[in-house]
Amino acid sequence: MYEPKPEHKFTFGLWTVGNVGRDPFGEPVRPTKTPVELVQLLAEVGAWGVNFHDNDLVPIDATPAERDKTVADFKQALADTGLVVPMATTNLFSDPAFRDGAFTSNDAQVRAYALQKTMKAIDLGVELGAKIYVFWGGREGTETDAGKDPITAVKRSREAMNYLCEYVIDQGYDLKFALEAKPNEPRGDIYNATTGNMLAFIQTLDHPEMVGVNPEVAHEHMAGLNFTHHVAQAMEAGKLFHIDLNDQAFGRYDQDFRFGSVNLKSAFFLVKLLEDNGYDGSRHFDAHAYRTSDYEDVKAFARGCMRTYLILKEKVARFNADGEIQALLTEINADGSEMTPFMGQFTPEKAAQLRSHTFDRAALGQRGQPYERLDQLVVELLLGVR
C-alpha cells in the first residue's frame with residue numbers, strides 16, 4: 001500500500017544515499033560506492049529518479065577520457081534500471097577555490113571559474129536528461145561583513161544568473177533554474193537566506209520566467225521558520241520548480257534527517273499542501289542516513305523517506321474525507337454574502353460604501369474559533385485513532 005511508484009516521482013541525490021557518514025568530528029564509516037552502484041541501490045528501493053552534483057558523478061580532476069567513461073557507465077546504469085535524471089546541480093562549495101564563495105567571491109578569477117564550471121555542469125545535466133538545474137550557494141556569504149559589501153554581492157549574484165540564463169537560451173536547452181536558500185552553515189551567514197529572499201531576488205533578473213525556487217525543509221527550520229508557509233508562497237507565485245524533503249530540529253545545524261522523522265505534524269501539512277494543490281514536480285529527498293548506519297540501513301533510510309510520504313499522503317486523504325474535520329472547517333470558513341459588495345477589486349464606489357459601513361467591533365472581538373478542537377483531531381488522525 002505504501003510502495004513507491006513512478007508516478008510519485010521520488011528522487012534522491014547521489015550525495016544522499018552515497019553519504020559515507022563523515023562529520024566535522026569523525027571520519028567516514030561507510031565505504032564509498034560508485035555512481036553506478038548508487039543507481040542500482042536506488043532502483044532496489046524503488047526510487048524513480050537520481051540527481052547529482054557534477055562532481056558526484058565526474059571527479060573534479062578527471063581527464064576527458066575518464067569523464068566520458070564515467071558518463072557512459074552512468075547512462076548504461078540508468079538504461080538498465082529505468083531511473084531518470086530530473087535535476088542536476090553544480091558543486092561550488094567543496095573545492096578550496098570556493099572558500100570565499102563562487103559567484104560572490106571577491107576574486108574575479110574565482111567568479112569566472114565558477115561560471116565556466118557551471119556551464120560545463122549544465123551541459124552534463126542536459127546530456128543526462130535534466131529539466132531543472134538547482135543553485136545552492138553554500139559558500140556565498142560571510143563570517144564578517146568587513147570583508148564583503150552585501151550590495152556588491154547581490155549584484156554579482158544577479159550578473160551570474162543572468163549570464164547563465166543567456167547561456168541556456170543560446171544553447172537551446174529546455175532547462176529551468178531553481179534557487180535554493182539557506183541561512184547559515186557552512187558560512188556564518190549566507191546571502192539570500194530564505195525562500196522569500198530568493199523570490200524577491202528572482203524578480204530582479206533579466207529572465208525571471210526561467211527561474212524559480214528549490215526550498216528545503218531543513219534550511220527553513222534552521223532559521224525557525226514555518227516551511228509550509230514558504231512553500232505555499234512559492235506555489236502561489238508559480239515558482240515552486242523543485243523541492244528538497246528531509247527533516248530537522250528547529251534552530252540546529254543542518255541535520256538532513258529522514259523525511260518526517262522529527263516534526264511529523266509539519267511534514268503532514270507540507271504533504272497536504274503539495275497534494276491538495278497538485279504539485280507535479282519531483283519529490284526529492286535531500287537527506288542522509290545516520291552515521292550509525294551500514295548500507296543495509298541506508299536502504300531502510302531511503303525506503304523510510306518514501307514510505308512516510310505515502311503514509312502522510314493517505315492521512316491527507318483521510319483529513320479531506322473526515323466528516324467532523326470538514327464540518328469544523330466549514331464553520332470556521334463560513335462567510336456570508338453581506339461583505340461581498342465591499343470586497344474584491346477596488347472601485348471608488350466600493351470604497352465609499354465600506355467607509356460608511358458600521359461594524360460591531362465588540363462582537364467581532366468576542367467571536368472564537370474552534371482551532372483547539374480542530375488541531376486535536378489532526379493529532380488523533382496522525383496518531384492513528386481516527
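User: Which residue in E4 is the bridge partner of Thr89?

Analyst: This is a predicted model, in which local features need pLDDT of at least 70, side-chain atom pairs count only at pLDDT 80 or more, and totals for chains, interfaces and linings use all residues. Residues are numbered from 1 along each chain as its sequence is written, and side-chain values use heavy atoms, with hydrogens and water left out. Helices (H or I, at least four residues) and strands (E, at least two) are DSSP runs numbered from the N terminus, and two strands pair if DSSP finds at least two bridges between them. Strand E3 (residues 87-89) pairs with E4 in the parallel sense over three bridges, and the partner of Thr89 in E4 is Val134.

User: Which residue in E6 is the bridge partner of Tyr133?

Analyst: E4 also pairs with strand E6 (residues 176-180), in the parallel sense and over five bridges. In E6, Tyr133 has as its bridge partner Phe177.

User: Which strands are the edge strands of the open sheet?

Analyst: The sheet has eight strands with parallel pairing, in the order E8-E6-E4-E3-E2-E1-E10-E9. An edge strand here pairs on one side only, which leaves strand E8 (211-213) and strand E9 (244-245).

User: What parts of the chain does the pair of Phe103 and Phe135 tie together, and how many residues apart are they?

Analyst: Rings of Phe, Tyr and Trp (its six-membered ring) pair if their centres lie within 6.5 Å; planes under 30 degrees apart count as stacked, over 60 as edge-to-face and the rest as tilted. The structure holds 17 aromatic pairs, and the one between Phe103 and Phe135 is tilted, at 6.3 Å centre to centre and 45° between the planes. Phe103 is buried at 9% relative accessibility, and Phe135 is buried at 8%. Phe103 lies in the loop between E3 and H5 and Phe135 in strand E4, so the separation in sequence is 32 residues.

User: Which residues form one aromatic cluster?

Analyst: Phe259 is buried, with a relative accessible area of 1%, and Tyr309 is also buried at 1%. Both belong to one aromatic cluster, whose members are Phe10, Phe12, Phe259, Phe285, Phe301 and Tyr309.

User: Which element gives the largest share of the lining of the largest cavity?

Analyst: The residues of this lining include Val217, Phe259 and Leu270. The elements that give two or more residues to the lining are helix H8 (217-222), helix H9 (227-236) and helix H10 (264-276). The largest share is three residues, and it comes from H10.

Key. 1 Å grid on protein atoms, 1.4 Å probe; cavity = no way out; pocket = protein on both sides within 12 Å on 5 of 7 lines; lining within 4 Å. Buried < 20%, exposed > 50% of the residue type's maximum accessible area, 1.4 Å probe, protein only.
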